[in-house]
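Subject: Structure for your review

Dear colleague,

Please find below the structure that I am handing over to you.

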Amino acid sequence: MSAELFSVFYQFADVFAFLILSAAGLAIVFGMMGVINMAHGEFIMCGAYVTVGLVNLGVPLPIAQILAALTAGIIGMIVEYLVVRRFYKRPLDSLLATWGLSLIVTQSMLLTVGSAVRGIGTPEGSFAIGGYTFSTYRLVLFFCAVAVLAGLYIIFMKTRFGVIARATMQNAAMAKALGARTGRIYSISFGIGTALAGLCGALYAPTMTLIPTMGATFVVESFVTVVIGGANVLLGTAPAAVFLAMIRMALNASYGQIIGQIGMLFAVILIIRVLPEGLSSVLVRRGR
Amino acid sequence: MLKLLDGPQTLGRGRIFWSCFLAVLAGALIYPLFADSYDVGNFAYFLIWIFMALGLCLMWGYGGMLSFGQTFFFGIAGYGYGVLAINMGGGTTTIAALVLSVVVAMIAAGILGYFMIWGGISGIFFGIVTLSATLVLAFFLGQTAGPEWHIGPARLNGFNGMKGMDPLTVGSFDIEGSALYYLMIALIVIVYIALRMLVNSSVGNVIVATRENPQRAEMLGYDVRKYQLLTFVIGSGLAGLSGALYTSWGQFITPSSIGLPAAAMPIVWVAFSGRNDLTATLVGSFLLLFGFQTITVYSQQAALVLMGVLLLATVMLAPQGFVLGIGKLVVDWWGRRRRRDEAPALADTSRLQSDET
């Protein structure tokens, strides 16, 4: 019995991790700046490529993953400085600008790198409970997702940066008047967002085929999670991921991946009819 | 009715603009007499996509709803045409298949639009929900390779796409080559004129008022949601028309004309052209399609990189669109020169339209 229960939990954890890891970065950028980064998938791709490249050079996998996340973060801050910064007052244009960027990056990668990158296998190791065998790496991914949420909680709730960031989020003009350097806060937040995207790519790199268009496999999940979650990462994205993971898990188990994805989309469209502001609006209102 | 052709919502009015319009139309009509049939077929291919661009222009430029789902409805109608044409058995019924597939796309738009608009989704989220739906449809169609995925005798065929449907046919006459070209020209003129009349009518004024300020429009007593839904259904239906015509033109359709990067293309055309004006969208989209096709022959990736660069450049340098911006510049320059040369009384007629050139 406990083996079946664990199996259900394992499947849930797998989908939950995927949703959290792919959406966290997007949600932070949206929550702080109201900008949806359409190049999110490309930062994920960047993380994956850097990881694989470093591992092929002989760097141990965990270190390569951390370096990949950092690389994506730094590139993100550069992109913020060059492009995104101009569009904080025009969120729709930021959508277009980052989408243009995404097109440029994906297609240039196809032109220059092509699809000829040697992948790395999923780290081996499995454990058995009852009659079932489970891959250890999938559980590692789940714990990474939980760690990301915990890390965000600490950064945004327990540090001085977090206080200023939340003040900026609530009222940027007032925060600026009180001496917060909002420009720098935005830049760092965008960096954190893209670093998380890079981390997502780095963590999933061993499990996937590396192609320049791989970002597209993440964007639907990250979009719907953010749409349902709303502006608050901790109170929105996390519950949204729990909720969507349950739907997805049930459908995946009986009908397969694609029906799971379609079902998730239908659930999202039904939910926005009822809760246009996302889950976080309900939770935040309750909290007050 | 004809008074609605010119109005505050569309650039270009008066005798000079319409003379230019007629001149371009006449040029388009006699073009097949001079060009070889391959070029005529290519031109017909560019014109297929214009409907989709005009639909997006209506939704985004006039209605303020940035839909990333044009290829979603393109795909629904494209596959719909294939399924219907195969099931109903070709011949003149292909015309019915064309109409029905566009209706199906409009019904889909009505359902999706109802949930989004009545749910109060707008701005950024409107874009990413429609894009999510688009990508999911593309993924779904991509994995329908097995023989179990069929509707009647029509196989969906996964990534390889659906094929084997008849082109548009009347009796035993296939509408192909220059016949298709003339059909496209006729449809574009009808759609363009109809959209001009729509946006300059009282309904169009409400649509624009909703874009400017939904609350205020609502306070004035309009149920803005109905107007938004109407806009969304028309705009998406035009994308459906493109899709059905596309399938009939090439007698095949694949999921790659739905997913990324295809979904970004209508956005690039309309943003680059100038979303606030139908004429600018018409001209700009045609130019971009022409350019894109020319480069694609050498490298599709390079052409797509260029599209990305154009999109980025447009939002950074000319958020209102390049074609519209250049058009306005020329009009201003012309107007100033006219005013300097002639009596100021002529200023009114000098607001001529240069986008047509």
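The term pLDDT, used below, is the predictor's confidence in each residue, on a scale from 0 to 100. It applies here because this is a predicted model. In chain B, pLDDT stays under 50 over residues 343-357, although the model has 39 contacts beyond four places in sequence for that segment. Chain B as a whole has a mean pLDDT of 87, with 95% of its residues at 70 or more. For chain A the mean pLDDT is 88, and 94% of the residues reach 70 or more. Within chain A, confidence is highest in helix 3 (residues 61-82), at a mean of 95, and lowest in helix 12 (residues 279-287), at 64. The scores for the model are ipTM 0.90 and pTM 0.90.

Overall form of the two chains

Chain A contains 12 helices and two strands. Their order along the sequence is α-α-α-α-β-β-α-α-α-α-α-α-α-α. The radius of gyration of chain A is 19 Å, which agrees with the value near 19 Å that a compact globule of 288 residues would have. Its C-alpha atoms fill a box of roughly 60 × 50 × 35 Å along the principal axes. Of the 288 residues in chain A, 49% are buried. Among the contacts in chain A with a separation of 6 or more, 75% are between residues 24 or more positions apart.

Chain B has 13 helices and six strands. Its radius of gyration is 21 Å, close to the 21 Å that the globule rule gives for 357 residues, so chain B is as compact as a globular protein of that length. The C-alpha atoms of chain B occupy a box of roughly 75 × 55 × 40 Å, taken along the principal axes. Buried residues account for 49% of the 357 residues of chain B. Of the contacts in chain B between residues at least 6 apart in sequence, 78% join residues at least 24 apart.

The contact between the chains

Chain B contributes 38 residues to the contact and chain A contributes 31. On the side of chain B that touches chain A, the elements giving two or more residues are helix 4 (93-118), helix 5 (124-142), helix 10 and helix 12 (300-317). Helix 5 of chain B gives the most to this side, with 12 residues. By class, the side of chain B that touches chain A holds 30 nonpolar residues, eight polar residues and no charged residues.

The nonpolar core

The largest nonpolar core has 202 residues, of which Ile20(A), Leu54(B), Val268(B) and Leu311(B) touch the most other members. Beyond its neighbours within four places in sequence, Ile20(A) is in contact with Ala145(A), Val148(A), Leu149(A), Ala238(A) and Ala241(A).

Just after helix 10, Gly274(B) takes a positive phi of about 120°.

Helix 11 of chain B (residues 278-296) has 19 residues, which at 1.5 Å a residue should span 27 Å; the C-alpha atoms at its ends are 26 Å apart, in agreement. Its buried residues include Leu278(B), Thr279(B), Leu288(B), Leu289(B) and Phe292(B).

Backbone points to check

Most residues other than glycine have a negative phi, and most peptide bonds are trans.

- The peptide bond from Leu260(B) to Pro261(B) is cis, with omega near 0°. Pro261(B) lies in the loop between strand 6 (252-253) and helix 10 of chain B.
- Asn157(B), a residue other than glycine, has a positive phi near 70°. Its place is in the loop between strand 2 (154-155) and strand 3 (162-163) of chain B. Asn157(B) has 22 other C-beta atoms within 10 Å and is therefore buried, the cut-off being 20 or more.
- Gln251(B) is not a glycine either, yet its phi is positive, at about 55°. Gln251(B) sits in the loop between helix 9 (224-250) and strand 6 of chain B. With 15 C-beta neighbours inside 10 Å, Gln251(B) counts as partly exposed.

With kind regards

Notes. Residues numbered from 1 in each chain as written. Chains lettered and ligands numbered in written order. Predicted model: local features only at pLDDT ≥ 70, side-chain atom pairs only at ≥ 80, totals over all residues. Helix = DSSP H or I, 4+ residues; strand = E, 2+ residues; numbered from the N terminus. Rg over C-alpha atoms; globule rule 2.2 N^0.38 Å. Buried ≥ 20, exposed ≤ 12 C-beta atoms within 10 Å, placed from the backbone. Contact = placed C-beta atoms within 7 Å. Nonpolar A, V, L, I, M, F, W, Y, C, P; charged D, E, K, R; others polar. Core = buried A, V, L, I, M, F, W, Y, C linked by C-beta atoms within 7 Å. Expected span 1.5 Å × (residues − 1).
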